[in-house]
Amino acid sequence: MTLSVSHVSWSAGGTEILRDISLTVETGEFLGIIGPNGSGKTSLMSLFAGLRKPRSGVVLLDGAPIGSLSRRDVAQRLALVEQQADTGERITARQAVEIGRTPYLGPLLPWSPDDDRIVDAALDNVDMTHLAGRSWHTLSGGERQRLHIARAIAQQPEILLLDEPTNHLDIGHQISLLDLVQRQELTVVAALHDLNHAAMYCDRIAVMQVGCLVALGRPRDVLTEERIRDVFGVDAEIDVDGGGLCHLRFRTQRSHARVTAVRPANLSATGGR
Ligand SMILES: Nc1ncnc2c1ncn2[C@@H]1O[C@H](COP(=O)(O)OP(=O)(O)OP(=O)(O)O)[C@@H](O)[C@H]1O
């Protein structure tokens, strides 16, 4: 199962958001998309998922323009976990995961014991079995995030698109979720903010800057001190260990020290109000 964009551009509100991007996701790889806020990561994920139509260029899923496929066809092959996915419905945690089975159900294909097994396994995968009966609106941000991943796994796609999948999670659940995703026999495309996580988990990294793809390659080739400075405006020290894994340390910025120095006098030095 291949997914690619070829010379895609996308505009919104009269502004060009994505410019002439070409990128093929290799089968079975974990591809990270990194870049500053507003650089176009979510917009690119939406094009990959077929939720938005490029102004020019084409998105191909297994060689076919994604716009020519039915939503059901796309959903059986590709699952997207959005950054701020939520539901206003009064549903339980388990029902939120059951939604992942929708692309396989129909008038002649009713819910079956197999669907139950797939949903149970997905809940177990994200360590949420014990909360399966809880109402969605009583769950924490991190618990909801893990259910979104479980819903995507229950969808049994070949390609998993994750937009900042760890943003509500504590460090233990961040690592276990990325481990879990990496263990699946899936092609994964994930927009990530944590560059050390990108270095740890990704086979390749795509770097976005102001709507352009400015680098694509192995973490050790893409994550250079010069590029981190150019793209994020941050000084970093990068060590590559014997196994080829990059470790990034970020230096304190002078501008941040200046902001701290002019904190109003009525705030205590420890930051309490
Ligand atoms: N529907 C829209 N209308 C107008 N502008 C939009 C629209 N969608 C996105 N944008 C703009 O496009 C740019 C890229 O947004 P996008 O959400 O893709 O960035 P991002 O890299 O995912 O950012 P973040 O890291 O903050 O999530 C932003 O400047 C955003 O304001």
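Let's start in the sheet: strand β1 (residues 3-12) runs antiparallel to β4, and 5 bridges join the two. Strands here are DSSP runs of E with at least two residues, helices are runs of H or I with at least four, and both are numbered from the N terminus. Two strands count as paired if DSSP finds at least two bridges between them.

Keep in mind that this is a predicted model: local features need pLDDT of at least 70, side-chain atom pairs count only at pLDDT 80 or more, and totals for chains, interfaces and linings use all residues. Residues are numbered from 1 along each chain as its sequence is written.

Back to the sheet. It is open, with 4 strands in the order β2-β1-β4-β5 and antiparallel pairing. The edges belong to β2 (15-25) and β5 (64-65); each has a single partner strand, so one side of each is left without a neighbour in the sheet. In the hairpin of β4 and β5, 2 residues sit between the strands, and aspartate 62 takes a positive phi near 50 degrees. Here are the β4 pairings:

| Strand pair | Bridges | A residue pair |
|---|---|---|
| β1 (residues 3-12) and β4 | 5 bridges | leucine 3 opposite leucine 61 in β4 |
| β4 (residues 56-61) and β5 | 2 bridges | leucine 60 with proline 65 in β5 |

Zooming out, the protein has 10 helices and 12 strands.

Now the inside. Buried residues (20 or more other C-beta atoms within 10 Å of their own, with C-beta atoms placed from the backbone) make up 34% of the 273 residues. A nonpolar core is a set of buried Ala, Val, Leu, Ile, Met, Phe, Trp, Tyr and Cys residues joined through C-beta atoms within 7 Å. The largest one has 67 residues, and Phe48, Ala150, Leu160, Leu161 and Val188 touch the most other members. Helix α5 (residues 141-154) gives the most to this core, with 6 residues.

What surrounds the ligand? The shell (C-beta atoms, placed from the backbone, within 6 Å) includes Ala12, Ile17, Lys41 and Thr42. Helix α1 (residues 41-48) supplies the largest share, 3 residues.

Technical notes: Buried ≥ 20, exposed ≤ 12 C-beta atoms within 10 Å, placed from the backbone.
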